[in-house]
Amino acid sequence: MKEEQSFTEEQEVTAAEQEPVNEAAAAEAQAEEINTQESSELERLKAEAEETQQRFVRAQADFDNFRRRTQKEKEELAKYASMKLITELVPVMDNFERAMATVPEGSETESFAKGFQMILRQLETVLASEGLAAMETVGQPFNPEFHQAIMQVESDEHEEGVVVEEVQKGYMLKDKVLRPAMVKVSS
C-alpha cells in the first residue's frame with residue numbers, strides 16, 4: 001500500500017508540476033492568439049486609415065480644382081459682364097456712322113452734324129473704356145476668325161487673300177471677337 005500511496009503522490013506531484021506548465025502554455029497560446037488578433041486588427045485599421053487619407057487627399061484636390069475653376073469663371077464673368085449690352089449698342093453705333101455719312105452739305109445742317117458727331121464720339125469713348133475696339137481690316141490678310149467674306153473681287157493693288165474693302169466694321173471686346181468684320185477679299 002505504501003507503494004500505491006507513493007505512486008499516487010508521484011502522480012499528484014507530476015500533475016501539480018504539469019498544471020502550471022499547461023497553464024503557462026495555455027496562457028502563452030492565448031496571448032499569441034490575442035497578439036495575432038490585435039495584429040490583424042492593427043493591419044485592418046492601418047489599411048482603413050490609409051484609404052481614408054487617400055480619400056481626403058482626393059477630396060482636397062477636387063476642392064482646390066473647384067475653387068480655381070470658380071475663381072476663373074468669376075473673373076471671366078466680370079471681364080465680359082458688359083458684353084450683352086455692348087453687342088446691342090454696336091448696331092446703334094453703325095447707324096450713327098451711316099447717318100453721319102449722309103449729312104447734306106450746308107450751313108443749316110452743319111451745327112446739327114457737329115452735335116451728332118460729338119454724340120458718336122462720346123458713345124465710342126464709353127464703349128472703348130469697356131474694352132470695345134474696332135478691327136483694322138483693309139490691307140490685312142483674310143482671317144476667318146476675324147473676317148466674314150461676303151464676296152471676292154479682282155484687285156491689281158492687293159495680292160490674293162487680302163481684305164480689299166470693309167462693308168461692315170468688326171469689333172473686338174478685350175480679347176474676344178464680338179462681331180467679325182464683313183469684308184471683300186481679293187482673288
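User: At 1.5 Å a residue, what should the 19 residues of helix 2 span?

Analyst: Helices here are DSSP runs of H or I with at least four residues, numbered from the N terminus. The expected span is 1.5 Å times one less than the number of residues. Helix 2 (residues 83–101) should therefore span 27 Å, and its end C-alpha atoms are 27 Å apart, which agrees. This is a predicted model: local features need pLDDT of at least 70, side-chain atom pairs count only at pLDDT 80 or more, and totals for chains, interfaces and linings use all residues. Residues are numbered from 1 along each chain as its sequence is written, and side-chain values use heavy atoms, with hydrogens and water left out.

User: Which residues of helix 2 are buried?

Analyst: Buried means under 20% relative accessible area (1.4 Å probe, protein chains only). In helix 2 these are Ile 86, Val 90, Met 93, Asp 94 and Phe 96. Their cover includes helix 3 (107–129) and strand 3 (163–168).

User: How do the axes of helix 2 and helix 3 cross?

Analyst: Two packed helices are described by the angle between their axes and the distance between the axes. Axes are lines fitted to C-alpha atoms over the stretch in contact (heavy atoms within 4.5 Å), with angles from 0 to 180 degrees between N-to-C directions. Here the axes come within 10 Å and cross at roughly 155°. Angles over 145 degrees count as roughly antiparallel, so helix 2 and helix 3 are roughly antiparallel.

User: Which residues of helix 2 and helix 3 meet?

Analyst: From helix 2 they include Leu 89, Met 93 and Phe 96; from helix 3, Phe 116, Leu 120 and Leu 123 are among them.

Conventions: Helices (H or I, at least four residues) and strands (E, at least two) are DSSP runs, numbered from the N terminus. Buried means under 20% relative accessible area, exposed over 50%, partly exposed in between (1.4 Å probe, protein chains only). Angles under 35 degrees count as roughly parallel, over 145 as roughly antiparallel, 65 to 115 as roughly perpendicular and the rest as oblique.
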